[in-house]
Amino acid sequence: MMPTQQPLSKQTTNLTLHKVPAPAGRVYWITGLSGAGKTTVGRELWRRLRTAGRSAIFLDGDALREVIAEDLGHSTTNRRTSAMRNARLCRMLASQGTDVVCPTISLFHEVQLWNRRNIPGYCEIYLRVPMEELRRRDAKGIYAAADRGDLRDVVGLDVPAEVPEAPNLLLDNFGPLDSSSAVDRIWKECVRRDPTRTARPAGNLSFGTKAETLEQLASRLHCAAILPQVRFSVADWRGDRAGTLTRLAQTSWGSRPVIVRSSAQNEDGPTSSQAGRYDSVLGVCGDEQIASAIECVIESFGAEGSLKDQIFVQPMLERVAMAGVAFSRPPSGNGPYFIVNYDDRSGRTDGVTGGTGDNLQTFLCLKSRADGCPPELAPIIALVAELESLFACDAIDVEFAVDGDGKTYLLQVRSLSVEPADGIADEQIDTALTEVAQKVELLGRPHPFLHGSRSIFGVMPDWNPAEIIGLRPWPLSLSLYRELVTDSIWAYQRDNYGYQNLRSFPLLVSFHGMPYIDVRVSFNSFVPRDVPSDLAGRLVNYYIDRLLAEPQLHDKVEFEIIFSCYTLDLPQRMSRLAENGFSQDDITDLSGALRRLTNRIIHGETALWRRDRDKIDLLARRLPLIANAKIDIYWLIEDCKRYGTLPFAGLARAGFIAVQLLQSFVSAGVISAEEHATFMASVDTVGSRIGHDFARLSKTEFLSRYGHLRPGTYDILSPRYDEAPDLYFDWAATRASSGTQPRFTLSIEQLRHIEHLLKEHQLDIDVLSLIEFIKGGIEGREYAKFVFTRSLSDALVLIRQMGEEYDLSVEDCAYLDYDAIRNLYSESGSVRDRLLESITRGRERHALTRKLVLPPVIAAPEEVFAFHLPPSQPNFITRKTITAPVASVGDPPELFAGRILFVPSADPGFDWIFTRGISGFVTQFGGANSHMAIRASELGIPAVIGAGEALYHRWQAAEKLCLDCSNQIVSLIA
């Protein structure tokens, strides 16, 4: 039942609600000395409570000290004060129907007695462990430090431990008793014997309009304050405008600046929030401004507005330190995560909701690991948890603010529409992420055949899987990418080109279907083979430390972090090494190794890149033979590996080196940035030919040449150009030629300058051959990609046809693992049964993959559970500025003309967008040297490549943007 609207003559802030007491939660107070296993047992108990349908929160004593007792020391008096703070917080949360699991030392009879007298559902569990065992465990080194005299105020040593006199349960937590068995005892003795609670408590509040919901909460909420309000309907305003203004003026805050907010009947509904659709007007003061703001809000209701729609006015919050929006589940994916998007810079409350804030931050944490939340966000998580309990709803959207005194305010709460659960329980996600954390720890250990003392994992370094196959690829896409590139091909190419031999190491690891690059393995593979072992180890550690310090560089490690080839500005770039403890001998050794390696790759007719270019031509000749022979998919993929992705990997390496050498011309003062752009525009790549050929070839001729391309190169569900030509191209429109390519020429002085630099740096190549290499390296990489993707695309067609033969849809085939297809070649048996088995496993795995959320860079196991999204440093292409409306690649293509297009990745299959007259484009993933970056440079189209998840989605939500590539700024216009 919704509360009735107040008469116009009364302030709604005086509304008295009928209070229905919420069933109290229980407090499981797990106590014992340091090292007794309190946190381990407590977390397992908390998981079981949630699995049983209980609303529960985990408050670890160590984490609580950082949040609510950081002002206290470790003396007996301070420890007692800290314990009482913990107890009062537990009581407050339990009073709202939430079970609280609190592992804490707190060995004071005074505190234990207070708990029993003041917490109705108090359950005390004492974990007893002998001091000898505690000293043996000593994971934190506390007892060892105390024995050395380095640490004082240790409970059980120099601070007396007041052992519980009458605990509900005493457990000897050592010897044969493991944590699971301990929780079994707690469950039997404490949880099941509680007669007051058998299921998750039902909340007794219901969502109303925006204003009504806040009004209900005003007297019920403990974790945040709610600003007073005056609420009225459109009918009230139209009927008694003066009376409404008088009511406002009579409030204690009516003379101060206020905010006028919408509260429409169709706003904040269970299936549609209408978020941001209606206006709010901030910072108005006085009758005239307030009246105008009210009219503005009413006008925003539009023709579908009703006289019952509401407006409410609140005082403006002053001295805002932080404001933002928190979700208790992600709208897409529906996993058990808290997501907090906040602005702690601008001092405004609408930086997140209005999309106007710069430097916004996003924090995510698994609900079961909320103890990983930073102290400044802990009150927000507590607020969201309390609201979940009050509304008995675990998918809510909360707008909040925190003032300069640290006081939290609730500005809005509504239910959140999320994807269906798809049969994946929260506990499965908890388990999966625990397994990911374990794998991160395992792979990060020192390895006898790898340089570097630790590893990190990223979605964009090296063979950036996020750009090529996406963050949550279909099982077939992932398995094909591993087969064709990241399992072994990548390492063979690096070894062939003179780098360290990593042939036994996969580059890509799959965290439950999410692809990550093992960055330590990658960085090892960029060290020249003849670099001394000690130097190689220190280099890899330096590279890893640099990426950890600047995670925004994860998509440009080869340009900004590592040294993988010799360039004309290498001595200047290597100054960073001297600043980080490397000796001049180290720098000379590395410089010489890079020079020798680069010379082998670029030198004359024997250059490695030329041999790889010839192999690609061989693949183009072999493909028709395989197609005409109608032999197995296996051979098409094998041929693609040997003559396609292997030489492509070499040509990609040459392309990277070519781009870095060209950029060093600018750094060395040989050419200007404008001349650099002219050179890139003069390069004759497949991408530049597509635009030219689209203008001059017939539809049949064009599709014969380019029909195998598809936006998702490895994605069987992504139609080829020749499978959906009308989706990608407007054949009826006038097809203007892309014009002639600009000519790039060097003056005599520039040629002499380059020749002098080549001799000075001992690069064994003449000027014209170097220019040929730079051009050939860039063109060769794009050509190789074009050729090998034809084999891959044809293989995907054959897989689809095989599926049809066995009554499997193309969607079914997306769940296949390529291993199953490979094994069909060498093993007998029922083809359909083998395919169905692989599809079933793939479907189950992918359902879980879609629910997982991981950071783009994982540096430690705990970051799997709680993390901030790192800031992004996009790549701006061209030096142009464009202001235009926004479109997304999923929109009808006829709307693209004159707009800034948002494209998920920098995949070459998206080349068709350049036939649609776009003004600019933005990609979520992609590096400075990606295919789409080269195309933008060639065509002179302003672009932002690799914006990252947070910026991409923020900019995509705008109506109009300004891309200022020269100043590297993106501005929201509307």
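Before we start, one term: two residues are in contact when they have heavy atoms within 4.5 Å. Keep in mind, too, that this is a predicted model.

With that in hand, look at helix 23 (residues 608–629) and helix 30 (residues 767–805). On the helix 23 side, the residues that meet helix 30 are W609, R610, R613, I616, D617, L619, A620 and L623. Across from them, helix 30 brings E772, F773, G776, G777, Y783, A784, V787, F788, R790, S791 and D794. Sort the residues of this contact by class and you get 10 nonpolar, three polar and six charged.

How do the two helices lie against each other? Two packed helices are described by the angle between their axes and the distance between the axes. Here, the axes of helix 23 and helix 30 come within 10 Å and cross at roughly 30°. Angles under 35 degrees count as roughly parallel, so that's what we call helix 23 and helix 30. As for handedness, helix 23 passes helix 30 in a left-handed crossing.

Now hop over to the second largest pocket, with its volume of about 1,100 Å³. It's lined by 43 residues, and the closest to its centre are S34, K38, D62, I105 and K140. Helix 1 gives the largest share, seven residues.

Note on methods: Residues numbered from 1 in each chain as written. Predicted model: local features only at pLDDT ≥ 70, side-chain atom pairs only at ≥ 80, totals over all residues. Heavy atoms only, no water. Axes fitted to C-alpha atoms, helices over the stretch in contact; angles between N-to-C directions. Helix = DSSP H or I, 4+ residues; strand = E, 2+ residues; numbered from the N terminus. Parallel < 35°, antiparallel > 145°, perpendicular 65-115°, else oblique. Left-handed = near helix turned anticlockwise from the far one by under 90°. Nonpolar A, V, L, I, M, F, W, Y, C, P; charged D, E, K, R; others polar. 1 Å grid on protein atoms, 1.4 Å probe; cavity = no way out; pocket = protein on both sides within 12 Å on 5 of 7 lines; lining within 4 Å. Points joined across faces, edges and corners; volume = space filled by probe spheres on them.
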